[in-house]
Amino acid sequence: MIFSATLMMALATGLTTQAEQAKKHPYQDVKRPVEERVADLVARMTLEEKLGQLTQLTLGQNTNHNNIADPVGDVAGETGSVIYFGEDPEIHNLMQEKALKTRLGIPVLFGYDVIHGFRTIYPISLAQAASWDPELVELACAVAAREARASGVAWTFSPMIDVARDPRWGRIAEGYGEDAYTNGVFAAASVRGYQGSDMSAADRVAACLKHYVGYGASEAGKDYVYTEISRQTLWDTYLPPYQAGIEAGAATVMSSFNDISGVPGSANPYLLTEVLKNRWGHKGFVVSDWGSIQQLVNQGVAADNKEAALKAFTAGVEMDMMNGAYAPHMAALIDEGKVTMAQVDDAVSRILTLKFQLGLFDKPFVKVVPESERYLQPASLAVAEKLAEESIVLLKNKDGLLPLSADVKRIALIGPMVEGDTHLLGSWSFHGREEDVFGILEGMKGEFGGKAELLIARGSDFDGEDRSGFEEAVRAASAADVVVLCLGEKKQWSGENASRSTIALPEIQQALAEEIARVGKPVVLVLSNGRPLELRGLEPIAESIVELWQPGVAGGRPLAGVLSGRVNPSGKLAVTFPYSTGQIPIYYNHRQSARPWGGQGLYQDIPSTPLYDFGHGLSYTTFQYGDVVLPKTEFTVGEKFTVRISVRNSGDRSGIETVHWFINDPVCSISRPVKELKHFERQEIPAGESREFVFDIDPLRDLGYVDADGRHFVEPGDYFIIVGEARVRIVLK
Ligand code: NOJ
């Protein structure tokens, strides 16, 4: 055992080595308020120690500590934070022990990209959004927090809440789609799930809103590139999710890579200081993205790393993630009078405050328990599976092919995704393991075993030109009553720096689908992907289309449940599926065209409307929307009121309906989108019954607009409330 006797004793008694050394200083006194402890500690620190706190390095990769003499040797004990690539709590404890042995004994903050689960991987965020179930997302984040903290990770670089309107951009998978309000709701839910009400609890972590801001506006869907964003668009589209996350109490924020109309996100005083700190009152800290400070040189706003450090730090970035910019240059910048010690103290205080809030000073070590107790607990798996079920979107279901009838006795299971278990995990699932995934094949066998025979043929790979498997696939299709064709994307096709020039699937998959279609059997197309796809070539050849996304460890079980009818699909798209890549950017809340007749801008060669709209998603039952009920139709601008709608399940099985409430302001001082989502509600409705859905309207919040400097206004005049097919006019006096 590599732990020291003192540490073992401390772990056994629950006391820390520092605490045992008698509480010499106020900062070591658990009973004192955090502010006092921080102030006392900062007053004792040398500049070098302070710069240590502003620095984030990496730790790990090799999780087998038996193979390394000193696994934490390279990382100084005075380092503020590490990105922990490992997951072994013993290495975490070794590093903490090293930190506690330094002069002041400041514990290290372990961060990691816990994006959609730590080991119990659940669906990617874009899929989660399709559930419209923030309460469940909150639970999933709590599962992730519990597993992460058990490995020593006390800080996740999540949620990503970048509104994204270009599905070529690989990172669209990581956020909650194209709508600002939706991203805001899920931002708040994630923050609650990660942080809980007390971040010092052994099963909670600090959240980090990223990437502040406008990263999703990347030109042509490419990563790391310039973004052209007007102040108006910043305020009405890109900033609201962050404001919602801050209001929910997010401890930290990550500054973005992108150049925002000439002022990069990691050197932007307006956004980092004026908006985030001064107006929104954020008391936590900002960490740069990986290398985003030194990259200010590449972006042409700093001559060298020193100037980059100056720009980022004075703009409001407190922690340097893998730039090597602050520690080497800050002393000179202070000597030159460009940075003050008060600024450094403020930055250090923000970081130390979080360490105290996380309880790291008082309980720096993690209890070492076997992996089997840390991960993949039944309750956690149940959350992951439910979320995967709720994320599935039934895009098309011609003649009610789904759920498959009991008469279906032979199912041909075809396509590269049939055996692509690892890809079901999605991007950013580094501690996820293929063997944890319930594969599509496994799911189908479990669901249909004894009821229908499965004829399995991969047909083709995800890409390439090898058609040698087509023949076997055609044979399987010919012998079957129905074909379940499983196509999609590899997990590495989305995520960071994973842009694609087309959102159509590779030619080989299209060719396989066409070959299968020629057999003439009914086709259920199952898609697993990290972005909206161009489906114009595939849609006509499938009777039914099921969007599975990248569901995580639950993998094929929820899908099989949808195919059999055990699960009634309820997901709805939180992102538009374009008809073709050439339509990008295309999103529901666009501004009105100057000549709106005939469409919103016409193409000569393709339709100008998407294939599947934002909010689209079918069920195995039918819902009938009643009339919109309003207390009256004229209100004063300051008057709050409630609108209701009754929805009846007119089918013969229970189903879940999400009602989306949009508004439209047809005439305003600034132009407004054709519709804007302001509220959504999800309820289960038993067959034959009705449920009431309610939208509480606060005119300033829900009908008003934000200007190019973040001021909110509501103007008298006509407004429309849009729900289902209804468009109801109201007047504000
Ligand atoms: C770069 C990514 O942009 C960011 O999302 C991530 O959190 C950091 N690397 C750390 O891995």
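**Reading a ligand site and a domain contact**

Biologist: How far does a polar side-chain atom of Arg-171 lie from an oxygen atom of the ligand?

Modeller: The separation is 2.6 Å. A polar contact is a pair of N or O atoms within 3.5 Å; within protein, one must be able to donate a hydrogen and the other to accept it, and residues adjacent in sequence count only if both atoms are side-chain atoms. This is a predicted model, in which local features need pLDDT of at least 70 and side-chain atom pairs count only at pLDDT 80 or more, while totals for chains, interfaces and linings use all residues. Residues are numbered from 1 along each chain as its sequence is written, and side-chain values use heavy atoms, with hydrogens and water left out.

Biologist: Which residues are around the ligand?

Modeller: A residue is listed there if one of its heavy atoms lies within 4 Å of the molecule, and the list includes Asp-113, Phe-157, Lys-210, Trp-290, Trp-428 and Glu-496. A polar side-chain atom of Asp-289 is 2.6 Å from a ligand oxygen, and a side-chain N or O atom of His-211 is also placed 2.6 Å from an oxygen atom of the ligand.

Biologist: What is the peptide bond from Lys-210 to His-211, cis or trans?

Modeller: Most peptide bonds are trans. The bond from Lys-210 to His-211 is cis, with omega near 0 degrees, and His-211 belongs to strand 5 (residues 208–212), where strands (E, at least two residues) and helices (H or I, at least four) are DSSP runs numbered from the N terminus. The bond from Ile-584 to Pro-585 is cis as well, with omega near 0 degrees.

Biologist: How is the chain divided into domains?

Modeller: Domain bounds come from an automatic or database domain assignment, which here gives domain 1 (5–357), domain 2 (385–583) and domain 3 (623–732). Between domain 1 and domain 3, where contact means heavy atoms within 4.5 Å, 15 residues of domain 1 meet 13 residues of domain 3.

Biologist: What area is buried between domain 1 and domain 3?

Modeller: Buried area is the accessible area (1.4 Å probe) that two parts lose on being put together, summed over both. For this pair the value is about 1200 Å², with carbon and sulfur atoms giving 57%, and Trp-132, Tyr-181 and Gln-232 supply 52% of what domain 1 buries against domain 3, more than any other three residues.

Biologist: How many salt bridges are counted between domain 1 and domain 3?

Modeller: A salt bridge is a side-chain nitrogen of Lys or Arg within 4 Å of a carboxyl oxygen of Asp or Glu, and the count between these domains is two. Asp-133 and Arg-682 form a salt bridge at 3.5 Å, N to O.
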